[in-house]
Amino acid sequence: MKSCSEVVSLLVEYLEGQLPPHTHARLEQHLSRCPACVAHVRSYQSTLSLLHSIREQDLPDELRLSLRAFLDREGNN
Ligand SMILES: [Zn+2]
């Protein structure tokens, strides 16, 4: 795993267990020595649990769009 931005771009798939095993392993290797990415994982985990608890399609359009914008912005850090 070369860079933090690469890790961040894969975090959603990582947390949902959708990464291929070797990619998952490389990502965890990066996390083991990168506190900044661990902090990202924590913030994604709380965002994802929020998403899962309220089912995104049930949200009003406006709220869903701002949530998307938030996730996009986090992913581009
Ligand atoms: Zn990192």
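## Burial and model basis

A residue is buried if 20 or more other C-beta atoms lie within 10 Å of its own, exposed if 12 or fewer, and partly exposed in between, with C-beta atoms placed from the backbone. By that rule, 5% of the chain's 77 residues count as buried.

This is a predicted model, in which local features need pLDDT of at least 70, side-chain atom pairs count only at pLDDT 80 or more, and totals for chains, interfaces and linings use all residues. Residue numbers start from 1 along each chain as its sequence is written.

## Fold and contacts

The chain has five helices and zero strands. Its pattern along the sequence is α-α-α-α-α. Helices (H or I, at least four residues) and strands (E, at least two) are DSSP runs, numbered from the N terminus.

Take contacts between residues at least 6 apart in sequence: 59% of them join residues at least 24 apart. A contact here needs C-beta atoms, placed from the backbone, within 7 Å.

## Confidence

Mean pLDDT (the predictor's confidence in each residue, from 0 to 100) is 84 for the chain. At least 70 is reached by 88% of the residues. Helix α3 (residues 21-31) has the highest mean, 94. Helix α5 (residues 61-75) has the lowest, 81. Where pLDDT is low, predicted coordinates should not be read in detail.

## Two residues

V8 sits in helix α1 (residues 4-9). V8 has 19 other C-beta atoms within 10 Å, so it is partly exposed. Its C-alpha atom is 8.1 Å from that of E74, 66 residues apart along the chain.

R64 belongs to helix α5. R64 counts as partly exposed because it has 14 C-beta neighbours inside 10 Å.

Technical notes: Two residues are in contact if their C-beta atoms, placed from the backbone, lie within 7 Å.
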